2 protein chains.
Amino acid sequence: MKALEWMGDSLKILDQTRLPVEVNYRMATTYEEVAEAIEKMEVRGAPAIGAAAAYGYALGAMGYSGEPEGLQSHMEKVQHRLAGTRPTAVNLFWALRRMEDRLRDQHGVKELSEIRKALVGEAESIAEDDRRVNRLIGEHGNTIVTAEASILTHCNAGALATVEYGTALGVIRAAQQAGKKVHVYAGETRPFLQGARLTAFELMNDQIPVTLIADNMAGFLMQQGKIDLVIVGADRIAANGDTANKIGTYSLAVLAHAHGIPFYVAAPTSTIDLKVPGGQDIPIEERHPKELREVFGVQVAPMEVPVYNPAFDVTPSKLITGIITEKGIVSSPYSVNLLKMMVRS
Amino acid sequence: MKALEWMGDSLKILDQTRLPVEVNYRMATTYEEVAEAIEKMEVRGAPAIGAAAAYGYALGAMGYSGEPEGLQSHMEKVQHRLAGTRPTAVNLFWALRRMEDRLRDQHGVKELSEIRKALVGEAESIAEDDRRVNRLIGEHGNTIVTAEASILTHCNAGALATVEYGTALGVIRAAQQAGKKVHVYAGETRPFLQGARLTAFELMNDQIPVTLIADNMAGFLMQQGKIDLVIVGADRIAANGDTANKIGTYSLAVLAHAHGIPFYVAAPTSTIDLKVPGGQDIPIEERHPKELREVFGVQVAPMEVPVYNPAFDVTPSKLITGIITEKGIVSSPYSVNLLKMMVRS
């Protein structure tokens with residue numbers, strides 16, 4: 001089951017909003033449809049959003065039938081629409097920048113078909129990079145997993161959040177493939193329930209032992225010595241290592257710290273945003289109150305109750321044991337080590 | 001809206017499992033019906049469970065129509081059934097003990113009707129005590145609330161968890177009645193959503209400003225300086241001050257400690273169990289996996305996913321700033337101070 005699949009002239013998107021109960025696909029043939037799928041969280045997870053946006057950009061070029069001179073301003077509109085879908089995950093902007101660079105390379109090319117081909121190629125390359133990068137994250141991450149490990153994760157940083165394999169769940173997959181005995185506790189991840197719906201589903205499919213918990217049970221598990229390790233994904237990592245990830249991650253980091261449990265972030269380097277000095281500068285998306293007042297359309301709270309619904313929080317780097325990337329594992333001091341890694345080819 | 005109301009020959013129980021969407025009542029005329037209502041969490045909250053069990057015990061006597069000599073063994077059966085409903089909240093056992101003591105006082109009384117009257121009287125007295133005790137908890141608790149306070153609470157330790165007024169929410173009510181400007185953040189309290197369904201509803205009814213959050217947002221709120229104080233209820237307090245309360249409470253206590261935020265427990269002294277030395281000796285109820293796999297009957301996770309679903313956790317007393325009771329506020333060293341308070345008349 002793939003989050004995304006390029007069909008030559010359209011992007012097949014697995015609608016993750018109803019998983020695991022309903023398996024629906026959206027065949028996006030326009031950039032607008034891709035933008036909607038990202039906004040509605042049919043496709044979610046920072047790396048998957050990046051790849052989807054790249055394909056959306058390519059579809060934007062494929063949908064253009066005007067004069068070649070008008071392409072640039074059309075593509076700016078496409079870029080603007082896709083970039084406006086979600087503010088926190090930086091992979092979105094990173095992927096769009098790669099696409100813009102590719103478009104710029106085509107300067108002087110007269111044939112629209114050739115430009116389209118180049119852009120589709122770049123989107124394919126972004127997706128292919130993500131596949132490769134996730135395997136490398138798994139390889140590196142495997143080194144910090146002990147022979148038997150009970151691992152807590154949050155949200156879904158799995159195959160469904162990427163093009164394939166996953167970041168945090170990629171590490172867990174790699175550890176299991178290396179013969180280690182892993183057991184995963186998946187926090188259900190209110191309000192959107194990515195842990196209950198996606199992580200539990202994904203791990204069960206792969207026969208990786210998983211136990212579902214409510215998010216508020218994490219501390220109790222740690223108190224009982226049931227957690228050896230926490231691994232989560234990331235939506236944006238600042239230059240100092242502060243990490244924005246799904247709401248609830250910060251609480252887990254504080255709890256892990258209080259219990260002396262290692263806390264790792266697994267993410268591709270495309271998630272690292274050196275232009276953002278620290279976590280306080282990462283924009284945090286707030287989503288609709290309905291996500292708290294309802295669960296799958298079923299009312300669970302007074303309909304008029306005021307709601308605070310930030311989709312992400314920021315974990316300060318001092319609570320992070322290490323950041324697992326395709327280039328290796330970075331640890332404190334992050335300001336120095338992240339920069340070093342990023343300039344390394 | 002009352003959790004419980006004695007109707008002379010039956011107990012009117014507000015079914016809290018569907019609130020606030022549906023307001024249903026159960027008219028319990030037998031002890032078995034009361035036991036079921038407790039098991040199904042139609043009535044919940046340690047003090048309310050205690051009062052309901054007391055009325056259930058009285059109904060047990062009212063339903064007995066055999067020879068007076070058989071009453072004792074019948075009442076043992078009643079006691080056993082009611083005591084077996086839920087293991088963690090000690091108010092249940094406390095209330096049943098009061099009822100048994102009252103029955104013992106009737107030794108030698110031949111008239112069943114007289115015995116029944118005594119038992120109903122005792123149940124009424126337990127309920128009346130709870131009303132009075134909650135007001136006193138509110139009065140004492142009010143002293144620790146500043147003139148403007150943003151207060152985080154968990155689960156529902158309100159009027160719906162007691163006979164009237166509430167413990168944690170009683171403190172908040174008292175503070176507002178004293179002219180203080182309070183704002184409450186209510187954690188939704190998965191899996192049973194008592195925060196979303198009951199606390200939000202109760203506070204809105206009383207025009208106390210409330211904002212609903214997912215449980216995993218608490219840390220992020222604290223990090224932003226949005227929480228001045230945490231107040232929760234309790235299901236059982238050990239002799240050393242360790243406190244069992246709704247799952248998630250321990251995580252909040254660790255988070256509050258990490259952020260230097262005062263963390264208070266509000267509970268009647270009937271919640272204190274001096275026979276239990278420490279938190280590790282408090283039995284923790286595990287509930288059905290369905291509570292995690294479904295929300296109001298709607299599937300939100302793979303139906304076969306293994307689930308860990310403890311209903312309570314234990315907060316060590318070192319993380320508790322103070323325990324607010326009807327007899328005053330106790331703080332560390334709890335082993336000494338709780339005992340002192342309990343022997344004081």
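This section describes the domain interface, the salt bridges and the chain interface of a predicted model.

Local features were taken at pLDDT of at least 70 and side-chain atom pairs at pLDDT 80 or more, whereas totals for chains, interfaces and linings use all residues; side-chain values rest on heavy atoms, with hydrogens and water left out. Residues are numbered from 1 along each chain as its sequence is written, and chains are lettered from A in the order in which they are written.

Chain A is assigned domain 1 (4–134) and domain 2 (144–344), the bounds coming from an automatic or database domain assignment. The C-alpha centres of domain 1 and domain 2 of chain A lie 25 Å apart. Contact (heavy atoms within 4.5 Å) involves 29 residues of domain 1 of chain A and 36 residues of domain 2 of chain A. Between domain 1 and domain 2 of chain A, the buried area is about 2700 Å², with carbon and sulfur atoms giving 57%; buried area is the accessible area (1.4 Å probe) that two parts lose on being put together, summed over both. Arg44(A), Thr88(A) and Asn134(A) supply 23% of the area that domain 1 of chain A buries against domain 2 of chain A, more than any other three residues.

Two salt bridges cross the interface of domain 1 and domain 2 of chain A, a salt bridge being a side-chain nitrogen of Lys or Arg within 4 Å of a carboxyl oxygen of Asp or Glu. Glu285(A) forms a salt bridge with Arg86(A), with the closest N and O atoms 2.9 Å apart. On the side of domain 1 of chain A that touches domain 2 of chain A, α2 (46–62), α4 (91–105) and α5 (112–142) of chain A each supply at least two residues. Helices here are DSSP runs (H or I, at least four residues), as are strands (E, at least two), numbered from the N terminus. The largest share of that side, five residues, comes from α5(A).

Over all chains, the structure holds 42 salt bridges. In chain B, Glu285(B) pairs with Arg86(B) in a salt bridge whose closest N and O atoms are 2.9 Å apart. Glu285(B) lies in the loop between β11 (272–273) and α10 (290–293) of chain B and Arg86(B) in the loop between α3 and α4 (91–105) of chain B, so the pair ties together parts that are 199 residues apart in sequence. Both Glu285(B) and Arg86(B) are buried, where buried means under 20% relative accessible area, exposed over 50%, and partly exposed in between (1.4 Å probe, protein chains only). A salt bridge also joins Asp273(B) and Lys275(B), the closest N and O atoms being 3.7 Å apart. Asp273(B) is buried at 6% relative accessibility, and Lys275(B) is exposed at 64%.

Between the chains, 56 residues of chain A are in contact with 56 residues of chain B. The area buried between chain A and chain B is about 4300 Å², of which carbon and sulfur atoms give 70%. Asn216(A), Phe220(A) and Tyr308(A) supply 17% of the area that chain A buries against chain B, more than any other three residues. Two salt bridges are counted between chain A and chain B. Glu188(A) and Arg190(B) meet through their side chains in a salt bridge (2.6 Å, N to O).
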